[in-house]
Structures are given as structure tokens and as C-alpha cells.
Amino acid sequence: MLNTEITVKSEKIFEGKIINLRVDTVELDKQKYTKREIVEHRNAVAVVAINEKAEILLVKQFRKAVEDFLFELPAGILNIAEVPVEGALRELKEETGYEAKKIKQICEFYSSPGFTNEKIYLFKAEDLSFASTKLDEDECIETITITKEEAKKMLETGRISDSKTIIGILHWINS
């Protein structure tokens, strides 16, 4: 039988711009105790943006945590009190310069619930038109478009390795 874990103590050990880190002491079955390290992260959005040629928009950017350039869906953290659909439209425009006339939520999922509470809302955006980009001052992003066949090859060869992007592309390929 599975049991929940009851938090008996919670200590915040780091507060940052993007994440906070806390250590919770939890009670397990039969009065056993252990610690859980939790990364607190605001919820985020990701966008499967499909252009008029039935291609998906991806962004290529350097990710310091993995010391490599990754191909990803346009995505970002939700602002405080921002609803997910608004965040998705904002991130799409900021990162790619495109606006969408049609957008709908596909699903929501936890990015890595073993250590973080981050939830990602995944959207599909269509009927795109280019306006202008508005990158954050610390972002250096290149936008590319790829076909379903190119996306399949990039998945098969490991050129796309970001989890939210894999989920979004697999949804797009299978829909």
C-alpha cells in the first residue's frame, strides 16, 4: 500500500531569480523520516507553433546547464498572475516574432516531479503571422522551421533532446 509523505519541517535554503530551493523533512510509514530536496519553479508554457507550410517553429539556444545548443519549442516562465494562454502567446511573440490567431491547450505536465514542482502547459498555435521579436536582454535565440520528416530524424538521432520539445513534436507528428 502506498502512503503519502507528511512534511514535518520545511527549510528554504536558496532564493533566486528563477528558482528557490528548499529541504523538507518528511515522515514516512512507521515513523521513519527522510529529507526531500525540492526546486520551486514557477509554472511555464511551451508552444507547438505550426506555420502555413505545415512546419514547426523551433528555437535554437545555448543552455548553460548542459553546455550545449538545444533545439526547443518556444517556451518560458509564466509571469505572476498570468494565465497560461496569455503566457503562451507572449512567449511565442517574444522568442520567434510570430503571433497566432488560433491557439489551444494540448496538455499540461510536470517537467521532473522527482525534484521540482514546475508544471508546463503545452499549446498548439496556428494561423501565424510575423510581427517582430522581443527577446529578453539575456536571450540569444535563432528561430528555425522544420518539417515532420526533419523532426522525426532529429528525434531519432538525438538532435532534439529537450523533454517539452519531444512531447510537443510527438503530439504534432501523431495528430
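Trainee: How many bridges join β2 to strand β3, and which way do they run?
Mentor: This is a predicted model, and in it nine bridges join β2 to β3 (residues 33-41), with the two strands running antiparallel.

Trainee: What sits between them?
Mentor: β2 and β3 form a hairpin with five residues between them. Lysine 30 is in that turn, and its phi is positive, about 60°.

Trainee: And which residue in β3 is the bridge partner of valine 26?
Mentor: That's threonine 34.

Trainee: Okay, isoleucine 19. Where does that one lie?
Mentor: In strand β2, which covers residues 19-27. Isoleucine 19 is partly exposed, with a relative accessible area of 32%.

Trainee: Which residues make the nonpolar surface patch?
Mentor: Ile13, Phe14, Ile18 and Ile19 make a patch of about 350 Å². Patch residues need over 30% relative accessible area, so Ile19 clears that cut-off with its 32%.

Trainee: Switching to the inside: which residues touch the most other members of the largest nonpolar core?
Mentor: Ile56, Leu58 and Ile146, out of 20 residues in that core. At least two core residues each come from β4 (44-49), β5 (56-63), β9 (119-130), β10 (142-146), α2 (148-156) and α3 (163-174).

Trainee: What does isoleucine 146 touch, then?
Mentor: Leaving out residues up to four places away in sequence, isoleucine 146 touches Glu55, Ile56, Leu58, Ala151, Met154, Ile160 and Trp172.

Trainee: What about a second core, how many residues does that have?
Mentor: Twelve, and that core is separate; its members include Val47, Leu78, Ala88 and Phe123.

Note on methods
Residues are numbered from 1 along each chain as its sequence is written. This is a predicted model: local features need pLDDT of at least 70, side-chain atom pairs count only at pLDDT 80 or more; totals for chains, interfaces and linings use all residues. Side-chain values use heavy atoms; hydrogens and water are left out. Patches are made of residues with over 30% relative accessible area and no salt bridge: like charges are joined within 9 Å, nonpolar side chains (Val, Leu, Ile, Met, Phe, Trp, Tyr) within 5 Å. Accessible areas come from the Shrake-Rupley method with a 1.4 Å probe; for residues, only the protein chains shown count as cover. A salt bridge is a side-chain nitrogen of Lys or Arg within 4 Å of a carboxyl oxygen of Asp or Glu. Helices (H or I, at least four residues) and strands (E, at least two) are DSSP runs, numbered from the N terminus. Buried means under 20% relative accessible area, exposed over 50%, partly exposed in between (1.4 Å probe, protein chains only). Two strands pair if DSSP finds at least two bridges between them. A nonpolar core is a set of buried Ala, Val, Leu, Ile, Met, Phe, Trp, Tyr and Cys residues joined through side-chain atoms within 4.5 Å. Contact means heavy atoms within 4.5 Å.
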